[in-house]
Amino acid sequence: MPLYRYVCPKCGEEQILLMRMNDKAPQCPKCGDEMEKQIPRVQLKNAGSSCSGSSCSSCSSCTSRS
Ligand SMILES: [Zn+2]
């Protein structure tokens, strides 16, 4: 299950919470305001977009081709 980082827009309280799909936004334990989900950092992709087109061993489009 995914972990999400929630930040309170009012007081800046941060919480790492395990959330299911239909869970509502949690409330700040400090001020009771609704916390906002932080979008997770973009993950590095190995899926070929960084490949210049010649074969390499690090991306899936090249390794599957050869
Ligand atoms: Zn708060």
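Analyst: Arg20 is found in the loop between E2 and E3. The model is a predicted one, in which local features require a pLDDT of at least 70, side-chain atom pairs count only at pLDDT 80 or more, and totals for chains, interfaces and linings use all residues. Residue numbers start from 1 along each chain, following its sequence as written.

Along the sequence, Arg20 and Met1 are 19 residues apart, yet their C-alpha atoms are 7.1 Å apart in space. Met1 belongs to the segment before E1. Once residues up to four places away in sequence are set aside, Met1 touches Leu18 and Arg20; contact here means that the two C-beta atoms, placed from the backbone, lie within 7 Å. Met1 also counts as exposed, because it has 7 C-beta neighbours inside 10 Å.

Lys30 has its place in the loop between E2 and E3 as well. With 11 other C-beta atoms within 10 Å, Lys30 is exposed. Apart from residues up to four places away in sequence, Lys30 touches Cys8, Cys11 and Glu13. A separation of 9.7 Å lies between the C-alpha atoms of Lys30 and Lys10, which are 20 residues apart along the chain.

Besides Lys30, the residues in contact with Glu13 include Cys8, Cys28 and Pro29, its neighbours within four places in sequence being left aside. Glu13 counts as partly exposed because 15 C-beta neighbours fall inside 10 Å. From Glu13 to Met35, 22 residues apart along the chain, the C-alpha separation is 8.5 Å.

The hairpin of E1 and E2 has six residues between its strands, and Gly12 takes a positive phi near 85° there. E1 (residues 3-7) pairs with E2 (residues 14-18) in the antiparallel sense over five bridges; strands pair if DSSP finds at least two bridges between them. Within this pairing, Tyr6 stands opposite Gln15 in E2. E1 also pairs in the antiparallel sense with E3 (residues 36-38), over three bridges, and here Arg5 stands opposite Gln38 in E3. Strands of a sheet pair through backbone hydrogen bonds, either parallel or antiparallel.

Together the three strands form an open sheet in the order E2-E1-E3, with antiparallel pairing. E2 and E3 are the edge strands, each pairing on one side only. On average, neighbouring strands of this sheet are turned by 40° against each other, direction ignored; axes are lines fitted to C-alpha atoms, for helices over the stretch in contact, and angles run from 0 to 180 degrees between N-to-C directions.

E2 is hardly covered, as the count of buried residues among its five residues is zero. For the chain, 5% of its 66 residues count as buried. Of the contacts in the chain with a separation of 6 or more, 20% are accounted for by residues 24 or more positions apart. The elements run β-β-β-α from the N terminus on, which corresponds to three strands and one helix.

Confidence should be read alongside this picture. pLDDT, the predictor's confidence in each residue from 0 to 100, averages 78 over the chain, and 59% of the residues score at least 70. Confidence is highest in E2, at 91, and lowest in helix H1 (residues 60-65), at a mean of 64.

Key. Helix = DSSP H or I, 4+ residues; strand = E, 2+ residues; numbered from the N terminus. Buried ≥ 20, exposed ≤ 12 C-beta atoms within 10 Å, placed from the backbone.
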